[in-house]
Amino acid sequence: MTREFVHRQASHCESGAISGLLAHHGLPLSEAMVFGLSSALSFAYLPIVKINGLPLVAYRMPPRFIIKGLQKPLQLKMRFETFRDPASGERRLNELLAAGEVVGMQTSVFWLPYMPQDLRFHFNAHNVLACGRDPQSGDYRLSDPVVEELVNCPAPDLLRARFAKGVLAPKGLLYYPVNRPQAPDWARALPAAMRKTTRIMLDSPLPVIGVGGIRWLARAIERLDADRQAEHARMFVGQVVRMQEEIGTGGAGFRFIYAAFLQESADLLGKPVFGELAERLIDIGDEWREFALATARMIRGRDPLRPALLAARLRALADRETKFFRDLRQAL
Amino acid sequence: MRDDEVPQEGNATLGGQRKAVYARAADGRLHLVSSAGWEVEEIVTRQAVDEFQKLAEAARQRVLAGESSALEFHMYRMRMDLPLLAQATGLWQWRVRRHLRPAVFARLSAGLRCRYAEALGMAPEQLERLP
């Protein structure tokens with residue numbers, strides 16, 4: 001396999017990385033299709049998992065969910081390798097690259113020097129593809145899905161990023177396909193993937209996952225003390241928006257990307273109803289953007305900090321999403 | 001979000017890079033559009049960056065006053081907190097907390113110094129200095 005790898009910018013790292021790997025192995029699927037087909041859309045408010053002392057809010061399923069979820073519908077076999085020590089992890093990467101392989105890697109954003117300084121936080125689940133090495137400098141050629149062009153990364157920095165410690169430590173994870181992926185049976189795979197998403201959003205036994213999670217978050221925000229602990233309240237609501245934005249999907253918390261998947265599904269299945277549902281999801285995404293805007297204005301002090309108003313917006317979103325996913329289930 | 005609504009006001013935290021976001025074209029189809037950044041995003045990213053800067057600055061004052069070791073300053077400078085530094089070094093949190101005391105930090109073994117330096121991505125001899 002010595003074909004030239006084609007880099008395309010995506011809006012999310014994991015779906016973008018997999019979409020790039022699949023295209024390289026002869027199965028061009030869009031980022032949105034990869035995202036929807038693996039049922040990656042979600043909502044989770046996890047007050048126990050703290051990031052810098054603030055609870056985790058996620059708008060999608062956990063890292064590696066997309067890669068794993070695609071193996072069955074695409075009859076894809078992925079190989080995952082982690083390493084006990086950095087030296088062997090580096091050696092293995094060089095071997096694979098020398099053999100002409102394009103390799104997916106889990107990295108920490110903080111140690112990647114080409115990332116903008118202000119975005120370099122200790123987030124350990126950033127997906128990047130390695131597609132070669134500069135023979136003179138020894139720098140790696142990386143296809144980072146959220147960056148416009150291919151980038152170079154010095155070997156010591158990449159090694160550090162691959163072996164960062166902490167929550168979701170990558171342990172040098174490398175992944176690559178070992179067979180040729182097949183286009184799925186759309187008529188079966190698409191409804192199955194959508195059904196799974198409706199289950200995640202509507203039927204979760206845990207109250208903090210799915211639309212119920214949005215309501216839990218609303219309650220937590222309502223309880224913030226905007227008078228005596230204004231600074232903490234601002235940090236808390238800022239975190240909610242950061243998770244919605246981070247390595248952005250246009251501010252809609254992955255709702256737009258899922259809408260793009262529904263549009264593609266409408267064409268593939270010849271069912272216009274998914275196109276209509278996509279329209280509604282775009283509106284919901286726009287409402288998430290309005291929530292983000294209202295929050296940012298309060299953080300900056302352009303509007304007075306009123307947690308109750310933000311909670312009301314979240315409850316309205318929870319109601320709309322509940323109705324949306326029920327109708328999606330009906331349409332299957 | 002329509003194509004013409006994609007924010008292009010710029011976002012200083014992107015350092016001049018542009019990102020790809022989904023927007024609806026005139027024909028109603030979603031596609032990727034390049035965005036120079038959204039102010040909302042800049043506000044919330046800056047909030048997190050500023051918080052670490054504030055913590056680092058407060059730590060610097062404590063170090064100068066002899067109330068804390070330089071380790072605390074470097075921890076926040078590298079955008080870490082106590083749980084994260086403990087995980088990155090493989091030490092218990094109570095040990096790391098103890099090493100934030102100037103007297104304990106001054107007696108730190110060379111091995112532990114190396115471990116902290118490695119986790120923070122700096123040379124061991126820089127560890128006790130403030131920049």
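Me: At what angle do helix α6 (residues 186–202) and helix α9 (residues 255–269) of chain A pack?
Reply: This is a predicted model, where local features need pLDDT of at least 70, side-chain atom pairs count only at pLDDT 80 or more, and totals for chains, interfaces and linings use all residues. Residues are numbered from 1 along each chain as its sequence is written, and chains are lettered from A and ligands numbered from 1 in the order in which they are written. The helices here are DSSP runs of H or I with at least four residues, while strands are E runs of at least two, numbered from the N terminus. With axes (lines fitted to C-alpha atoms over the stretch in contact) 10 Å apart, α6(A) and α9(A) pack at an angle, on a scale from 0 to 180 degrees between N-to-C directions, of about 150°.

Me: So are α6(A) and α9(A) roughly parallel or antiparallel to each other?
Reply: Under 35 degrees counts as roughly parallel, over 145 as roughly antiparallel, 65 to 115 as roughly perpendicular and the rest as oblique. The angle between α6(A) and α9(A) is about 150°. That's why the two helices are roughly antiparallel.

Me: Which residues of α9(A) does α6(A) meet?
Reply: Contact means C-beta atoms, placed from the backbone, within 7 Å. From α6(A) come A:Trp186, A:Ala187 and A:Leu190. Their partners in α9(A) are A:Ser265, A:Leu268 and A:Leu269.

Me: And how many charged residues are in the contact of α6(A) with α11(A)?
Reply: Helix α11 spans residues 307–331 of chain A, and its axis is 9 Å from that of α6(A). A:Met194, A:Thr198, A:Met201 and A:Leu202 in α6(A) meet A:Glu321, A:Phe325, A:Arg326, A:Leu328 and A:Arg329 in α11(A). Sorted by class (nonpolar: Ala, Val, Leu, Ile, Met, Phe, Trp, Tyr, Cys and Pro; charged: Asp, Glu, Lys and Arg; polar: the others, Gly among them), that contact has five nonpolar, one polar and, for charged residues, three.

Me: Over to the other chain: which element gives the most to the side of chain B that touches chain A?
Reply: The contact takes 32 residues from chain B and 40 residues from chain A. On the chain B side, β1 (19–24), β2 (30–35), α1 (39–64) and α3 (82–89) each supply at least two residues. With nine residues, the one that gives the most is α1(B).

Me: How far apart do the C-alpha centres of the two domains of chain B lie?
Reply: An automatic or database domain assignment sets the bounds. Chain B is split into domain 1 (3–37) and domain 2 (42–126). Their C-alpha centres are separated by 38 Å.

Methods
Contact = placed C-beta atoms within 7 Å.
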